[in-house]
Amino acid sequence: MNIILISHGEFAKSLLETAEMILGKIENAQSVCLYPHEGSGDFKQKFELALSHTRGKTVVLCDIMGGTPCNVAMHYLDRTSLYSGMNLPMLISLVSEGNCDELIETARQQIYDVAVQLRQLQQEDDE
């Protein structure tokens, strides 16, 4: 499986670097970043170059639905699977499990209100 992370600014690049700090080198993963001085045409060229380095199943994770990176990637849904709202738990899950079957649910389960979680832990300790 190939993974391409796409984003505004260097979020995709930094997310990949962070995941590799935790998991080690992630084979067949790359990032494509859109910079302020670039337009959709520039991003399309970079995205197509990244796609040219892939073979087989390719999963694309993007930062935000409706942004330029996502809009460009939507034109390649015949060759890729595209998910928006990428985050570190989502990427780690994708790499660790090697499939997208529960990717969205896994990402949802990683959202916590930390103050609420701490209160619940304190209540459990008090009981």
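A residue counts as buried when its relative accessible area is under 20% and as exposed when that area is over 50%. The model described here is predicted.

**Aromatic residues**

F43 and F47 sit four residues apart in helix α2 (residues 40-52), so about one helical turn separates them.

F47 also pairs with Y76, and this pair is tilted. Like F47, Y76 is buried. F47 belongs to helix α2, whereas Y76 lies in the loop between α3 (68-73) and β4 (81-84); the pair therefore ties together parts that are 29 residues apart in sequence.

The count of aromatic pairs comes to two. The geometry of each is listed below.

| Pair | Arrangement | Centre to centre | Angle between planes |
|---|---|---|---|
| F47 and Y76 | tilted | 5.4 Å | 55° |

F43, F47 and Y76 form one aromatic cluster.

**Charged surface patch**

Which residues gather in a patch of negative charge on the surface? The patch is made up of E124, D125, D126 and E127. E127 is located in the segment after α6 (114-126). With a relative accessible area of 81%, E127 is exposed, because the cut-off for that term is over 50%.

Key. Residues are numbered from 1 along each chain as its sequence is written. This is a predicted model: local features need pLDDT of at least 70, side-chain atom pairs count only at pLDDT 80 or more; totals for chains, interfaces and linings use all residues. Side-chain values use heavy atoms; hydrogens and water are left out. Patches are made of residues with over 30% relative accessible area and no salt bridge: like charges are joined within 9 Å, nonpolar side chains (Val, Leu, Ile, Met, Phe, Trp, Tyr) within 5 Å. Accessible areas come from the Shrake-Rupley method with a 1.4 Å probe; for residues, only the protein chains shown count as cover. A salt bridge is a side-chain nitrogen of Lys or Arg within 4 Å of a carboxyl oxygen of Asp or Glu. Lys and Arg count as positive and Asp and Glu as negative; His and the chain ends are not counted. The place of a charge is taken as NZ of Lys, CZ of Arg, CG of Asp or CD of Glu. Helices (H or I, at least four residues) and strands (E, at least two) are DSSP runs, numbered from the N terminus. Buried means under 20% relative accessible area, exposed over 50%, partly exposed in between (1.4 Å probe, protein chains only). Rings of Phe, Tyr and Trp (its six-membered ring) pair if their centres lie within 6.5 Å; planes under 30 degrees apart count as stacked, over 60 as edge-to-face and the rest as tilted.
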